[in-house]
Protein chains: 2
Amino acid sequence: MSLLFKHLRVHQVFGANTDVGKTILTTALVRASAAQRDKVFYLKPVSTGPPQDADDAHVTSHMAKWKDRVQTHCLFRFQEPVSPHLAVKRAGASHSIPDDDTLANTIAAYVRRAASQCGPAHMYIETAGGVQSPTLSGVLQADLYRRLFLPAILVGDSKLGGISTTISAYESLLLRGYDVDAILLFEDDYYRNFEYLHDYFKERNVDVFTTQPPPPKLAAAAENFAATEKYYADITSSDHHRGVTAALEHLDTIHNQRISYLGSMATRARDTIWWPFVQHGHVKTDHDVNVIHSAYSDFFSVYNPSHRANHAANNDSSTANPSPSLLNPQYDGSASWWTQALGHAHPSLTLAAARVSGRYGHVMFPQATHAPALQLAETLVHDGPGRGWASKAFFSDDGSTGMEVAIKMALRFYTKAIEPGLPVEAWKQLGILGLKGSYHGDTIGTMDACEEGVYTCEWHNAKGYWFEPPTVSVQDGQATIALPSSFSVNTLLSPANYGFDSLGSIYDVESRLETPLAKVYRDHLTSKLKALHDAGGPRLAALVLEPLVMGAGGMIFVDPLFQRVMVEVVKAGAPGISKGLPVIFDEVFVGLYRLGMESTAPLLGVKPDISVHAKILTGGLLPLAITLASQPIFEAFLGDSKASALLHGHSYTAHPIGCEVANETLSIIRNTVSSDSWIEARKKWQADADRVSSVFSLWDPSFVKALSRLPQVKEVMTLGTVLALKISDGDSGYVSMSAQATFQSLKQLNDDPNAQSVAPGGAPYNVHYRTLGDIAYFMTSLNTSPGVIRSMEERIWSALEDNTP
Amino acid sequence: MSLLFKHLRVHQVFGANTDVGKTILTTALVRASAAQRDKVFYLKPVSTGPPQDADDAHVTSHMAKWKDRVQTHCLFRFQEPVSPHLAVKRAGASHSIPDDDTLANTIAAYVRRAASQCGPAHMYIETAGGVQSPTLSGVLQADLYRRLFLPAILVGDSKLGGISTTISAYESLLLRGYDVDAILLFEDDYYRNFEYLHDYFKERNVDVFTTQPPPPKLAAAAENFAATEKYYADITSSDHHRGVTAALEHLDTIHNQRISYLGSMATRARDTIWWPFVQHGHVKTDHDVNVIHSAYSDFFSVYNPSHRANHAANNDSSTANPSPSLLNPQYDGSASWWTQALGHAHPSLTLAAARVSGRYGHVMFPQATHAPALQLAETLVHDGPGRGWASKAFFSDDGSTGMEVAIKMALRFYTKAIEPGLPVEAWKQLGILGLKGSYHGDTIGTMDACEEGVYTCEWHNAKGYWFEPPTVSVQDGQATIALPSSFSVNTLLSPANYGFDSLGSIYDVESRLETPLAKVYRDHLTSKLKALHDAGGPRLAALVLEPLVMGAGGMIFVDPLFQRVMVEVVKAGAPGISKGLPVIFDEVFVGLYRLGMESTAPLLGVKPDISVHAKILTGGLLPLAITLASQPIFEAFLGDSKASALLHGHSYTAHPIGCEVANETLSIIRNTVSSDSWIEARKKWQADADRVSSVFSLWDPSFVKALSRLPQVKEVMTLGTVLALKISDGDSGYVSMSAQATFQSLKQLNDDPNAQSVAPGGAPYNVHYRTLGDIAYFMTSLNTSPGVIRSMEERIWSALEDNTP
């Protein structure tokens, strides 16, 4: 997907249907290009039908005048003139075919090789059949070639019905994000599709170029060839500035515009955009801006202006600069702020979004229902994280608003059901019980449910009390629990209470309930709560937890036993804590399989009263949040008066697109988590899919163990898709390295010209990663391929090796 | 769009291309239906080509056995066998053609008439050419027939290339929200598309039915007819349960499932959904739930179970029940909580959403850029509401989060640039200056910027001071300003100071700056602020206004002069108010032409430092908000330390779908606001498009004036798309009527069987409206047709007449 070269313009030619003149118009383009450029490439990745009729042979035969300039090539050839997937089948077992990635990589390698060997040039890659014809593997062309994301030329259909097929083919390309740079078609004077399509696409900013249709086929081969040759000469003549000639100029113009637009984006973004969580004072140059051209699976395709400079400097040496593409793949190491579940631009999610957008747009939600919202609510309540305890689903727009709703619910439950006699003046000061390091979003209400810290604002007014949590990590090869210093030294404990044979043992919460550590936790919580109460601490109205991991707080993996005990202590009541306090699980980050499990409640062995879900919920496509609540919580708002209802609502509440994308996501996730990759990963971690406590990771256990033994690494932790490393701060006296600095080399591209990477199209990739102080973390989607994860493990390992103390 | 009958199953038959066997397979369906039902309808809305070849003639000719059962019909016939739009052109001026709405209404009327006259029956409506072939007017079929939203049958293409055309045609239907109930196609044993398509669509839950292809055409007409007749007999034989017979059963099943699902939705929604702003105690029965089946332009299509009951009760009398559809159109009277700008399910917005979803999915935004976000930021800052003052655009998820961001910006500006010496402890208590009735969203931080009132929560802690505003309305035919009682009686003023010759005079703020009222406002503000300060009131850090109208507060139209003077007083400094206080304009509701103007700043003649935009921004499709800020505001966060940055961000910040839908919306709005309807409306209001102060409304001025003279109406107000009425509370002693009760009759359907409504498809419509206490309001989209608005005016008028005191 990262094949953009200044000197080499590449287009992929799609057809609105088979037999619309794709090869003829491509041949004309190749000829017209040959008249202008030293080199023109024509590639037919897959050809079906007898060799003498092959498209590449046709192209070659009509390039006598530019023999040395035009290079034609076909990668896979099948005899039978049927759809490629069928041609493969009929060719029998003798033909082994490449998988989709390999086919795309082979094409990409051809393009890169060509680019490294030529001066100003054009390339045309002609597809087979229509836009949505199956490829060798049976995957549709528009889907398979999406890995390459080449600008497209669509050859329209000039026959009766061709307006429909051309527009539908265009829409199929559009649904997959393609840039359609031009539409070409024949002028049929009777059906006159070209007239209609010209106007139709003008409104959509797509230029349509037309040319006369080819002469009728003649019986005698020589005569036919001569007539065809004359036809090509006519339509590519530079005399009349229209049709193919005009298309060529347009394609060059749009190519240059594409490059100059990319080149301008960083400056322009710095001019008008105010980024979230970014100190603009640190954005010193355009190089500090990530210019994202497109994305696919786990990779962005980003503009890399340094390549351009390299290329200019080295263009006398073709090997010195093996990858002069202006774009390169970049692994999305934070899963785009923890949202990605199925990879970027997943076509099923696009189709889900499109179909409900086409059906409803948005429709207002109070006291109303529509199918996407109803299905999503039912799934989450009955067959998702709410299973067994939730009764109602409340929709909002993002994790932060979902948590605002949760807090409003919990506070009302407290003032209505737990302490109904509390004077109204006390309501504003009700406190939240939580953990240090908590984060529930950036709206001020959710900030108030967390301690003040670096992430604050003028109105932030932390209400509550937050315990320092014991944490889990792998240190020097061993699964370990670390108690914070606020725990008084306890003679009950021996080292054996901290070290475990595996992460699995730590997360087997039920088996640890009677251990000395459990008693230490209970005592610690009870005594601290008593001390807090005695000191006149805040009245606590709810327990709010990010179960298992506090992400934004620094990927703090909390000992699940501590959270379990915390819930039990709170529910039972304690000094200053009323019995039955509502418990909120903020599962925005940790839920929906980010950590390998649908919900954290079964592992912890306790049920919340309220839980919040977002991020993965919508597959990493667009914002939507759900707050689930138990029936008692819901009933605290029930009554005769409107004023006692939950008076919270956003105008786009339960917008159908978000709901349907969530439905589609949850349905795809169901298959993903029982896929071979997940089974394999579980096996490696000796995790049992049927035991809720059986934790595992998509990252390799021996890699994790090895990492934890590196001197540069203080501790490592992993669950599900998440890998987090705490960087040693150099107690041996080395200059302290921040996590950001440690992994600096991930920003570089591999410069081995023969390297074939795991990125779409196989080009060398670099890594986009986020750090939290001395914590570096890397994340995958739920469906990231094992190959990509292994490659990332190698990259992480060598980045650390570069930093050997 | 509301044509769902229990007894009459209707399907629209689309083709993947022309010449794929649409008529043949439809004929087979009609025959198979005729064997089972007393009545079968075949409708060909538009036919091109010689009459003897017409599809309806073909169907008729093969129904000898069921002559009495099968009714065939063609609405528009053209001789030339080309695309309908071209056939019209070639038929010359002699042919007048219906516009798109009329064509759709004619078809709908045919369906409704059939439904009222038959028992259990089937109907097939065969389209012309492919899915995206142009209709008579040139509009594409899939777009035009979207008004009817009939379930679709897609006839697939069995020829070479047909996999591609079938899938693309399906995707074009999907993009417009259609339910594709089945795909039918011929079994071509060589190309075997049916095999591939069967598997492909199985994964997408669409059933594919196949049947043998028709026999080759014979030269002799009689023989050909006999062969064809035999063919139909074969493929519709009930012996082999596959192909057409199986399709028929499937279509019946899916029809029944559709109806029973609709029937279950209300109960199920009540079981699992917690609605925003709804007192569930008031939702007593399923009838209290609006079940939305689809939406189009300004109308929902809603499930109306009472029709079903009517129908059951009346099915012996065909005229007693003229509209037995289980769905009816419902005018979306609140523009779906003020979000709709271009009508529901606008295809351009769907395509915009789809193309960037296909290109990026979502990509993370800090220190990054992508084309949709960059374009949107540039448009809003330089060529939109930020023109002339804004420097940067900050993205968030909805109006409430956009306001949280605005408040964080203003508070920081205050503590950094205005009162840098202020002790940190004072920050938490900084106050907002605003107006009583303000509303800025439901997150707790934005609630704290408003007074406490009925919409509150435990943590709500109003920080600031709010003035009672003078208001604008039309009372008894006159544009009037009303001063609240908190204004001391002022001898400067005479009645002439309150009554104006037109709304235009009130909104001509510049001309009023030196009037006695302006002086009254200045004195009032200054003296109150001084009194507040003297009484130890809160330290005010920002002025936050909803310019012109406070929507959620009760559609309070504030005297613009008061807001202008307020900004001036605050900017100049006053007792307790530092000079240069930041001013926030919350334009979430009022901006982007909801009130007929892009932004309120030019009319008020003052520039904010921060403004917030949402709702219309994304065309009524999905959530996204933008907070615009001036350069000084931005610079208050600039520095070397990350901690001093604006530490706010949502994971889906600047999600590409939202940004691109906004770009498309703004581009369509540009055309809408210079459309004939807008020019016409301006003319009626004698408003000058070139003068910023020239206010107008899409509602008719004489209608508004007449309303204001009704005894039931205390006052009326309108600007742009908004019409608000305050209901008289019956000072003549009548029982007080709430706004909700007054308009109860809008919930009823017109029961005139011959009525042709302005709703899509022309069926009788009812109205969904929201009220705010004694205020009823009605809203249009920016592009609502004058016809629909006139119809709504009539409906509103008669509802009020029903309530004549």
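View 1. Strand 29 of chain A covers residues 775-779 and is mostly covered, with five of its five residues buried. Here, buried means that 20 or more other C-beta atoms, placed from the backbone, lie within 10 Å of a residue's own; a residue with 12 or fewer is exposed, and one in between is partly exposed. Strands (E, at least two residues) and helices (H or I, at least four) are DSSP runs, numbered from the N terminus. Please keep in mind that this is a predicted model: local features need pLDDT of at least 70, side-chain atom pairs count only at pLDDT 80 or more, and totals for chains, interfaces and linings use all residues. Residues are numbered from 1 along each chain as its sequence is written, and chains are lettered from A and ligands numbered from 1 in the order in which they are written.

**View 2. Strand 29 of chain A pairs with strand 26 and with strand 28 of chain A.** Two strands pair if DSSP finds at least two bridges between them. Strand 26 (residues 722-727) of chain A runs antiparallel to strand 29 of chain A, and five bridges link the two. One spot to look for is A:Leu723, whose bridge partner is A:Phe778. Strand 28 (residues 771-772) of chain A is also antiparallel to strand 29 of chain A, with two bridges, and A:Leu772 stands opposite A:Ile775. Strands 28 and 29 of chain A form a hairpin with two residues between them. In the turn you can find A:Gly773, which has a positive phi of about 65°.

**View 3. Strand 13 of chain B has a partner strand in chain A and another in chain B.** Strand 13 (residues 392-396) of chain B is largely enclosed by the rest of the structure, because five of its five residues are buried. B:Lys392, B:Phe394 and B:Ser396 point one way, and B:Ala393 and B:Phe395 the other way. Strand 8 (residues 273-274) of chain A pairs with strand 13 of chain B in the parallel sense over two bridges. The bridge partner of A:Ile273 is B:Ala393, and that of A:Trp274 is B:Phe394. Strand 24 (residues 625-629) of chain B runs antiparallel to strand 13 of chain B, joined by five bridges; here B:Ala393 stands opposite B:Leu628.

View 4. The contact takes 139 residues from chain B and 140 residues from chain A (two residues are in contact if their C-beta atoms, placed from the backbone, lie within 7 Å). Helix 6 (residues 162-175) of chain B gives the largest share of the side of chain B that touches chain A, 10 residues.
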